[in-house]
Amino acid sequence: MLLLLLVLSSCGSTTITNNPLIPSSLPSSHSSSALFYDPPDCAILMPVRGYAHTNTPLILENVIERHFSGRFKNLISGSMRRNMARKDSFNLDVQVERRRFSKSANCNYGLYADIKAINQNYLMTWASRNITLKIELVRLSDQTVLWSATHAAQRSQGGIPTGPLSLALDTRSAGLFVIDQDGFEALIEDVVRQLTKTLPLNG
């Protein structure tokens, strides 16, 4: 037991807690004056940037669509973007192609999600997952960033056991947490909800 406690103490940090949602700082955001001078009435949900698990980009696109659809008169969803790009063979990894695509879609604004960090940790009696996400609203004709916001959040379960009973309870709690298939989606939902609040547009 002593060895286990030493290992967990050395691997853990002050974030080890039984609270399912670890409080994080408020989102940091910036808005350009151009956003207020000529506010966009549409946006194209662009391909997700940054490293992610296999299905995380699709989950993220769906969450962003739900939260940001009310901020624009017309939000071109990820599925609609993929269909349009496939139909006319646009390569959205190339800036010139993005400009051509925006003209075809009759919308000059792109909403980009950039996964800056995403992790899951498991130490038998303690498990955590975290994500840092940045979202930008960009004018596609000249790549001007009109608004950007970044936020990070973390959830965890379990802790450092203090006896046989807490060892069993924390092990079970951490195990259930790490196999929760919806865990990252719930965390993404929390982060995107906070980011949405910083965008000064109301559709």
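This is a predicted model: local features need pLDDT of at least 70, side-chain atom pairs count only at pLDDT 80 or more; totals for chains, interfaces and linings use all residues.
I looked up the largest pocket and found about 190 Å³ of space in it. Its lining consists of 12 residues, and N55, D180, Q181, D182 and F184 are the closest to its centre. I then sorted the lining by residue class: 5 residues are polar, 4 are charged and 3 are nonpolar. Helices α3 (56-68) and α7 (183-196) each contribute at least two residues to this lining.

**Entry 2, the aromatic pairs.** I asked how many aromatic pairs the model holds. The count is 2.

I examined F68 and W147, whose ring centres are 6.0 Å apart with 55° between the planes, and recorded this pair as tilted. F68 belongs to helix α3 and W147 to strand β7 (residues 144-158), so the pair ties together parts that lie 79 residues apart in sequence. I noted both F68 and W147 as buried.

F90 is in the loop between α4 (78-87) and α5 (95-105), while F101 is in helix α5, 11 residues apart.

I located the charged end of R49 over the ring of Y112, at 3.9 Å from the ring centre. I also found the charged end of R129 over the ring of F184, 5.5 Å from its centre. I had already listed F184 among the residues closest to the centre of the largest pocket.

Key
Residues are numbered from 1 along each chain as its sequence is written. Side-chain values use heavy atoms; hydrogens and water are left out. On a 1 Å grid over the protein atoms alone, a cavity is a set of points where a 1.4 Å probe fits but cannot get out, and a pocket is an open set with protein on both sides within 12 Å along at least five of seven lines; lining residues have an atom within 4 Å of a point. Grid points are joined across faces, edges and corners, and a volume is the space filled by probe spheres set on the points. Helices (H or I, at least four residues) and strands (E, at least two) are DSSP runs, numbered from the N terminus. Ala, Val, Leu, Ile, Met, Phe, Trp, Tyr, Cys and Pro count as nonpolar, Asp, Glu, Lys and Arg as charged, and the others, Gly among them, as polar. Rings of Phe, Tyr and Trp (its six-membered ring) pair if their centres lie within 6.5 Å; planes under 30 degrees apart count as stacked, over 60 as edge-to-face and the rest as tilted. Buried means under 20% relative accessible area, exposed over 50%, partly exposed in between (1.4 Å probe, protein chains only). A charge sits over a ring if NZ of Lys or CZ of Arg is within 6 Å of the ring centre and within 35 degrees of the ring normal.
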